[in-house]
Amino acid sequence: METRQQERGQGHIRTGLLDPEPVTEVDEEMVSDVDLNNTLTDEEREEILSELTKLEEDISTLRQVLASKEKHHSELKAKLGITPLIEFKQNFNRSWYDMQTSTAYKKTSETLSTAGQKTSAAFTTLGTAISRKFGDMRNSPSFKSFEEKVECTVSNIKTKVGSQGGGGSFEEVLSSAAHASAQETPSNNMSESSDHERTC
């Protein structure tokens, strides 16, 4: 037990006959040097290093040339009065035009237009159907009966308001008409209600 605790303190745990070895990291440069040294001759290595140096010099020269040309480019734009904001607007307009003339945009636009037309037609059909239903309902016998009762009640109210000669308020007349209307029972014969409606 003591050996086990001592070994834990050192970072190793002995679990069997074989002692685990700590994992060591290998430097990538060492691996690549080893691989290159094993496969390349000294002449080939010198040639590659020379070519690498030349490429690095070319890259440096090209960066300097590019920086010089970018500076000259911005100076010319400044002389023409082209600011970054104006340039952004021009790029945006150009991109927008390119997008609008693309096939995908045209197909999407046509699809949305067709969908809009179909939706509009559906709402028109729905509105027509609702109007037709309201028309059918208004022509139904029950609605006509209701309409006649309302007309009769209104004419009774007008008659009572006119006959009282200002003796009562409109609210009193309205409540008395409602009370009279409540007195009539639905069990009355249909012919009686028809006679009553005709007297209005």
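Modeller: Welcome! A helix here is a DSSP run of H or I with at least four residues, numbered from the N terminus. In this predicted model, Trp 96 has its place in helix α4.

Biologist: How much of the protein counts as buried?

Modeller: Of its 200 residues, 4% do. The label needs a relative accessible area under 20%.

Biologist: Which residues make the nonpolar surface patch?

Modeller: Leu 85, Phe 88, Phe 92, Trp 96, Met 99 and Tyr 105 make it, with an area of about 630 Å².

Biologist: Where does Glu 43 lie, and what makes it buried or exposed?

Modeller: Glu 43 lies in helix α3, residues 42-80. Its relative accessible area is 68%, and the cut-off for exposed is over 50%, so Glu 43 is exposed.

Biologist: How do you know what span α3 should have?

Modeller: The expected span is 1.5 Å times one less than the number of residues. For the 39 residues of α3 that gives 57 Å, and the end C-alpha atoms are 57 Å apart, so the two agree. Just after α3, Gly 81 takes a positive phi of about 80 degrees.

Biologist: Why is the contact between Glu 87 and Lys 77 given its name?

Modeller: The side chains come to 2.1 Å, N to O. A salt bridge needs a Lys or Arg nitrogen within 4 Å of a carboxyl oxygen of Asp or Glu, so this pair is a salt bridge. Glu 87 lies in helix α4 and Lys 77 in helix α3, so the pair ties together parts 10 residues apart in sequence. A search of the whole structure finds 1 salt bridge.

Biologist: What makes Lys 77 buried or exposed, and what of Glu 87?

Modeller: Lys 77 has a relative accessible area of 17%, so it is buried. Glu 87, at 27%, is partly exposed.

Biologist: How far apart are Ser 74 and Pro 84?

Modeller: They are 10 residues apart in sequence and 9.7 Å apart in space, C-alpha to C-alpha. Ser 74 lies in helix α3 and is partly exposed, with a relative accessible area of 41%.

Terms used: Residues numbered from 1 in each chain as written. Predicted model: local features only at pLDDT ≥ 70, side-chain atom pairs only at ≥ 80, totals over all residues. Heavy atoms only, no water. Helix = DSSP H or I, 4+ residues; strand = E, 2+ residues; numbered from the N terminus. Buried < 20%, exposed > 50% of the residue type's maximum accessible area, 1.4 Å probe, protein only. Patch = residues over 30% accessible without salt bridge, like charges linked within 9 Å, V, L, I, M, F, W, Y side chains within 5 Å. Areas by Shrake-Rupley, 256 points an atom, 1.4 Å probe, with all protein chains shown as cover.
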